[in-house]
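Reader: Before we look at anything in detail, could you show me how burial and packing are read from a model?

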Amino acid sequence: MSNRRTPQVCSRKHPQQARSTELVAAILQAATQVLAVEGAQRFTTARVAEKAGVSIGSLYQYFPNKAAILFRLQSDEWQQTTQMLRGILEDVRMAPLERLRVLVRAFIQSECEEARMRVALNDAAPLYRDAPEAQAVRAEGERIFQVFMAQVLPQAPQATRALAGELITCTLGSVGKDFSENPRTVTEIQAYADAMADMFSAYIGLLARRCD
């Protein structure tokens, strides 16, 4: 049995003053640049501190190790995705399937725009993916989607909705990642996203008819 511990991914402290906030922002901006250019395997706290123009001691005041920096970048990306999920899936002005279509379009567009960074963060995921903080962030996104599935399939058993939600989110994430690995035009992105939305809508429609 392995005794390897999950590295600490929480920040040591949160900035309280404007100067501290600017320092953390500079560190994160530098980390983004280092990660995008050099990838997760060559990512180090020393390289980030050098790029940010700060001492390694100043960096360690806020981030105990490289896993904490990478998790902060990933957490910020997850939060953006969660906000997007909430903003679209909870917009009751649109019919449920229209909300899903808008979400697919926005997600695929985002994947293509941030492809390089997300590939690097995915490579770094083993450093923090099992940490409680990471699990909590993922759980919130899952909760939002399950609430939506209850709206789009109100007559379906909970187990059916859970399976459908998992299939849609896993497919969206995996296919979106593969699609974004190559440069795409706006037309290609729109066509691909609409095709995925059509597929999801047909699947949900089939489940709805089975539950009538």
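Author: Buried here means under 20% relative accessible area, whereas exposed means over 50%. The model is predicted, and in its helix H5 the buried residues are Arg99, Leu100, Arg101, Leu103, Val104, Phe107, Ile108, Ser110 and Glu111.

Reader: What covers the buried residues of H5?

Author: The cover includes H4, H6 and H7, together with helix H8 (158-179) and helix H9 (186-211). H5 itself runs over residues 96-113 and reaches 26 Å from its first C-alpha to its last, close to the 26 Å expected at 1.5 Å a residue.

Reader: How should I read a nonpolar core, and which residues have the most contacts inside the largest one?

Author: In soluble globular proteins, nonpolar side chains tend to be buried together. In this model the largest nonpolar core has 30 residues, and those with the most contacts inside it are Leu35, Phe43, Val48, Leu59, Phe63 and Tyr128. Helices H1, H2, H4, H6 and H7 each supply at least two residues of this core, and the largest share, eight residues, comes from H1. A second, separate core of 27 residues includes Leu100, Leu103, Phe107 and Ile189.

Reader: Is Thr45 buried or exposed, and with which side chain does its own side chain make a polar contact?

Author: With a relative accessible area of 11%, Thr45 counts as buried because this value is under 20%. Thr45 lies in helix H2, residues 45-52, and its side chain makes a polar contact with that of Tyr60 at 3.0 Å. Leaving aside neighbours within four places in sequence, Thr45 is also in contact with residues including Ile56, Leu59 and Ile69.

Technical notes. Residues are numbered from 1 along each chain as its sequence is written. This is a predicted model: local features need pLDDT of at least 70, side-chain atom pairs count only at pLDDT 80 or more; totals for chains, interfaces and linings use all residues. Side-chain values use heavy atoms; hydrogens and water are left out. Helices (H or I, at least four residues) and strands (E, at least two) are DSSP runs, numbered from the N terminus. Buried means under 20% relative accessible area, exposed over 50%, partly exposed in between (1.4 Å probe, protein chains only). A polar contact is a pair of N or O atoms within 3.5 Å; within protein, one must be able to donate a hydrogen and the other to accept it, and residues adjacent in sequence count only if both atoms are side-chain atoms. Contact means heavy atoms within 4.5 Å. A nonpolar core is a set of buried Ala, Val, Leu, Ile, Met, Phe, Trp, Tyr and Cys residues joined through side-chain atoms within 4.5 Å. The expected span of a helix is 1.5 Å times one less than its number of residues.
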